[in-house]
Amino acid sequence: MKKYQMELVVKEIYFLSDGLLHMVLEPENGEMPAMSPGQFVEVGVEKSKTLLNRPFSIYNRNDNQLELLVKDLGAASSALREYHHGDKLRVIGPLGKGFFTDKRKPLLIGGGVGIAPLLYLARIYKELGVEATIIFGNRTAPSAEIVDRLSKVAKVEICTDDGSMGFHGLVTDHPLFCHGAFDIVQCCGPLPMMKGVAAKSRKEALPCEVSLENKMACGLGACLCCVEPTETGNRCVCTDGPVFNINELKW
């Protein structure tokens, strides 16, 4: 899929709970390029005074808009909170390899801000005539805005560490994971959670894909910062991933 360097304009910006930022970006002219669920973009955050671009999952995409869900984790992500309607951002994408989609019965599992690529994935499934089920794990009750958007494209189950909403416990302990009739598991979130999901998927004999979040610099496979050991040797997460079948990984 062809990569584009775009100058996008901030159309809307929302401050959510858990330190999350929802940004809606639009091109000044033309349409957004085609993008697959699970791919990402590199964003130049000039207000952060940092040299390198920063990678962000594609939260949603349509012909005229790109949406990002950002957690405040450092100088660049924090600086995005200083942007306003009409400001411009330099964006490169789409990058990487996304999730596999076909007419199966998918179980999507997201942890924290790892839920971001699963909204777009569930939407694409819905457009294919497939209702996905999402298990959304969070420390506490997640943003109502995120849950509402997910609920419009999938069946949603919430897990919380503190029991404030939905199932009290880990996503791997949710009853649906054990007894749901699913054909594939697709997951994004903290590494310990993804490893737990991978182990449970193997036990249940379910195919499983995970979206890795290794630290990246260039996003183009040149700097080798995001290398992941796999069964076929070291591979760059930014170009060979971020989505991998768990059978490819040394987990």
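This is a short talk on the fold of one protein chain and on a few of its residues.

Good morning. The structure before you is a predicted model, and I shall begin with the chain as a whole. The chain holds six helices and 16 strands. Along the principal axes, its C-alpha trace spans about 50 × 40 × 35 Å. How does the radius of gyration agree with that of a compact globule? For 251 residues such a globule would have a radius near 18 Å, and the chain has 17 Å, so the two agree.

Of the 251 residues, 50% are buried. The chain exposes about 11200 Å², and 51% of that area is supplied by carbon and sulfur atoms. If we take the contacts between residues at least 6 apart in sequence, 63% of them join residues at least 24 apart. As for charge, there are 28 positive and 30 negative charges, and their mean positions lie 3 Å apart.

My next topic is helix 2, which runs over residues 116-127. This helix is mostly covered, with 10 of its 12 residues buried. Among the buried ones are Leu118, Leu121, Ala122 and Tyr125. After the helix comes Gly129, with a positive phi near 85 degrees.

Which residues does Gln186 touch? Leaving aside residues up to four places away in sequence, its partners include Leu118, Leu121 and Tyr125, and those three are buried residues of helix 2. Phe99, Phe100 and Pro106 are also among the partners of Gln186. Gln186 itself belongs to strand 12, residues 184-188. Is Gln186 buried or exposed? Its relative accessibility is 0%, and therefore Gln186 counts as buried. The side chain of Gln186 also makes a polar contact of 2.9 Å with the side chain of Glu209.

Lys152 sits in the loop between helix 3 (144-151) and strand 10 (154-160). Because its relative accessibility is 55%, Lys152 counts as exposed. From Lys152 to Ala122 the C-alpha distance is 9.4 Å, although 30 residues separate them in sequence.

I shall close with some details of the backbone. Most residues other than glycine have a negative phi, and most peptide bonds are trans.

Two peptide bonds come to mind. The bond from Gly93 to Pro94 is cis, with omega near 0 degrees, and Pro94 is part of strand 7, residues 88-95. The bond from Gly241 to Pro242 is cis as well, with omega near 10 degrees. Pro242 is placed in the loop between helix 6 (237-240) and strand 16 (243-245).

Ala205 has a positive phi near 60 degrees and lies in the loop between helix 5 (191-203) and strand 13 (208-211). With a relative accessibility of 67%, Ala205 counts as exposed. Leu224 has a positive phi of about 65 degrees, and its loop runs between strand 13 and strand 14 (227-230). Leu224 is exposed too, with a relative accessible area of 53%.

Thank you for your attention.

How values were computed. Residues are numbered from 1 along each chain as its sequence is written. This is a predicted model: local features need pLDDT of at least 70, side-chain atom pairs count only at pLDDT 80 or more; totals for chains, interfaces and linings use all residues. Side-chain values use heavy atoms; hydrogens and water are left out. Helices (H or I, at least four residues) and strands (E, at least two) are DSSP runs, numbered from the N terminus. The radius of gyration is taken over C-alpha atoms; the globule rule is 2.2 Å times the number of residues to the power 0.38. Buried means under 20% relative accessible area, exposed over 50%, partly exposed in between (1.4 Å probe, protein chains only). Contact means heavy atoms within 4.5 Å. Accessible areas come from the Shrake-Rupley method with a 1.4 Å probe; for residues, only the protein chains shown count as cover. Lys and Arg count as positive and Asp and Glu as negative; His and the chain ends are not counted. The place of a charge is taken as NZ of Lys, CZ of Arg, CG of Asp or CD of Glu. A polar contact is a pair of N or O atoms within 3.5 Å; within protein, one must be able to donate a hydrogen and the other to accept it, and residues adjacent in sequence count only if both atoms are side-chain atoms.
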